[in-house]
Amino acid sequence: MRMSQFHLNTYKESPSDAEVMSQKLMLRTGMIRKLSGGIYTWAPLGLRVLRKVEGIVREEMNRAGALEILMPAIAPKELWQETGRWDQFGAQLLKMTDRAGREFCFGPTHEEVVTDFARQELKSYKQLPKNFYQIQMKFRDEIRPRFGVMRGREFLMKDAYSFHLDEAGLLREYQNMFDTYSRIFTRLGLKFRAVQADTGAIGGSGSHEFHVLASSGEDALAYCENSDFAANVEMAPAICTDVRGAATQVMEKVSTPKQTSCEAVADLLGIDIKRTVKAIAVMPSNSQFTLVLVRGDHSVNEIKLGKLPGMADYRLATEAEIRESMGCVPGFIGPVNAKLEIKIISDLTVASMHDFVCGANEAKFHLTGVNFGRDCAEPDHISDVRNVIAGDLSPDGKGTLSIARGIEVGHVFQLGQKYAAAMNATVLDDQQKASVMFMGCYGIGVSRIVGAAIEQNFDARGMIWPAAIAPFDIAVLPMNAHASEAVKAASEALYQELTAAGFDVLLDDRNARAGVMFADQELVGIPHRVVLGEKGLAAGTVEYQGRRDAESQQVVQAEFVGWLRARVSDSVSRT
RNA sequence: CGGCGUAUAGCGCAGCCUGGUAGCGCGCCAGCUUUGGGAGCUGGAUGUCGUGGGUUCAAAUCCCCCUACGCCGACCA
């Protein structure tokens, strides 16, 4: 590609509303332009990257035996009503009405459509297993789109759905997809980790998320250095091996006039925060006011709490509800002297504590030396309801946990029979009986990967693309070509030669100043660059510098293409 | 959805408090000079100051409504 025929429109400043680095850089380089909240045009530069990601995903899905299809983006209400999701999906579902008054939605995911397709196409167990996938724009009316393409409302997704006669078949394909995803993210050149994930409302027996590791990631991942254990913090079990010791202190009331947090109370008393207990007031749907106890340095895990009996739709109690039930302002509440009708859920760790510190249920006071059984009732329910923290024991007992941050770019899911049963998707088995199919679904956020790759690979000068998804492999930069026929001719020749050798080449033929060309090449993150100047050419050399290199090096002009090919040949990502 | 904030040229911003001819930087266009790290000079184009209403002789500026956009949002009791 010649720059003069391309469209590159870089900015020196990034738009003020951009928050994360990938969003800033994508907007500065003009990879994307915003049309509306969470909705972007992919400009030529950005689309090159998006298509390369898409290509790798497609190749590996095909290699794994999946079959590409393309479903409609728009689906009728009736189909979504079959699974009940027309109403359940909520405001994220973008609904619309046609001229006849029929209602449709813009697909946020395609279980209904693909299951409808499958129940018509698949009649016999002999046709199974099948895995259908598509790469298509989805729309989810996010509450708060942000971070550019990382959480857009419209986004490109690869979604695959597999169909099986039985669970064993599903498990085989699930493993196949798990392995395929690992290959895809390896080829993309990204540092990633697969973790156990919450199965959420969809149910099913298994689910893994694939995360690109980046400090800006929205998800916290817990993993063990000494074993394979890795899980989203949402569902990583927090185990507690401590046994409660006997009480050694007398309960005492201490003045904590301004200390409403465990940190502040621990500071004031000069004790370890691990000896404090905090109480979080929540209100389940049955309006049974509930106190949840976790250790001062721990935090409540919403998902774990929501899975307890009766807690499915809990919310935080309001300040008024706290005043009414506890007779005390927030900041000083605790389990001691709580009314009998208040339910107390204790985290496992708290249940093993003795002589602890907690709120006194009296403004400006806390209690020390508190013990269950003696000073307050034993909790009504003891369960793991906290988030794991770094240093916790690994659930497999093989070491301690570390925490990393990640961006979710893939999710594999065993759906089981949920959708097939709701939509009566059956095949005849070898007993000539109608058998509800088992399904798996497997998603990859293609456009999110572009943002995630930047989050993981950038420096002060701009983006640094992994070789496999760079918009161009190499930039050819002629110095003062306007004044030198030799430079112009050599650059053109090298451009032709590199292109013929299979490289994606960008020839900067703008007659721009050197600084402009360098700045753009570095901002755009083209992995390799070769600079041609009159002096070097006279000596038969060109100047090469990799995007991550600190310094340039001279390479013999006539040998450059072979030299470059050798340099990149060990890269797994070039195929 | 709740809280807060913002809206002035393609982008980044000032002006608003204290009402009186709409500005700066970058970018864009033309010319000349320049050409190994985002050039210099000269000249130029581009704004219904987000929408609607109100106050006023006069509104970017003060007041009200709306819209869009952004940030934060269980909690750390």
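**Ground rules**

I note that this is a predicted model, in which local features need pLDDT of at least 70 and side-chain atom pairs count only at pLDDT 80 or more, while totals for chains, interfaces and linings use all residues. Residues are numbered from 1 along each chain as its sequence is written, and chains are lettered from A and ligands numbered from 1 in the order in which they are written.

**Chain A as a whole**

I counted 16 helices and 31 strands in chain A; helices (H or I, at least four residues) and strands (E, at least two) are DSSP runs, numbered from the N terminus. The C-alpha trace of chain A spans about 95 × 70 × 50 Å along its principal axes. Of the 575 residues in chain A, 40% are buried, where a residue is buried if 20 or more other C-beta atoms lie within 10 Å of its own, exposed if 12 or fewer, and partly exposed in between, with C-beta atoms placed from the backbone. I also looked at contacts (two residues whose C-beta atoms, placed from the backbone, lie within 7 Å). Among those in chain A between residues at least 6 apart in sequence, 72% join residues at least 24 apart.

**The sheet around E29**

I then followed the open sheet that holds E29, in which 5 strands stand in the order E28-E27-E29-E30-E31 with mixed pairing; two strands pair if DSSP finds at least two bridges between them. Strand E28 (505–507) and strand E31 (553–556) are at the edges with a single partner strand each, so one side of each has no neighbour in the sheet. On average, neighbouring strands here are turned by 30° against each other, direction ignored.

Going strand by strand, I found that strand E27 (residues 474–478) pairs with E28 in the parallel sense over 3 bridges, and that Ile474 has Val505 in E28 as its bridge partner. E27 also pairs with E29 in the parallel sense, over 5 bridges, and there Leu477 has Val531 in E29 as its bridge partner.

Why is E29 described as largely enclosed by the rest of the structure? I found that 5 of the 5 residues of E29 are buried, so the strand is largely enclosed. His528, Val530 and Leu532 cover one side and Arg529 and Val531 the other, and all are buried.

Helix H13 (residues 485–500) lies across E27, E28 and strand E29 (528–532), and runs at about 165° to E27; axes are lines fitted to C-alpha atoms, for helices over the stretch in contact, and angles run from 0 to 180 degrees between N-to-C directions.

**Around RNA strand B**

Which residues come nearest to RNA strand B? Of the 49 residues around it, I noted Ser261, Pro330, Ala514, Gly515 and Gly533; a residue is near a molecule or strand if its C-beta atom, placed from the backbone, lies within 6 Å of it. Helix H7 (262–269), strand E14 (277–283) and helix H14 (514–524) are the elements that give two or more residues to this surface, and H14 has the largest share, with 8 residues. By class, I read 22 nonpolar, 14 polar and 13 charged residues, where Ala, Val, Leu, Ile, Met, Phe, Trp, Tyr, Cys and Pro count as nonpolar, Asp, Glu, Lys and Arg as charged, and the others, Gly among them, as polar.

**Helix H12 and its partner**

I checked helix H12 (residues 446–456) and found it mostly covered, with 11 of its 11 residues buried. Helix H2 (residues 44–63) packs with H12 at an angle of about 115°, with the axes 9 Å apart. Val49, Leu50, Val53, Glu54 and Val57 of H2 make the contact with Val446, Ser447, Ile449 and Val450 of H12, and these residues divide into 7 nonpolar, 1 polar and 1 charged.

**Leu122**

My last entry is Leu122, in the loop between helix H5 (111–121) and strand E7 (130–139). Leu122 counts as buried because it has 20 C-beta neighbours inside 10 Å. Leu122 and Thr426 are 304 residues apart in sequence, yet 7.8 Å apart in space, C-alpha to C-alpha.
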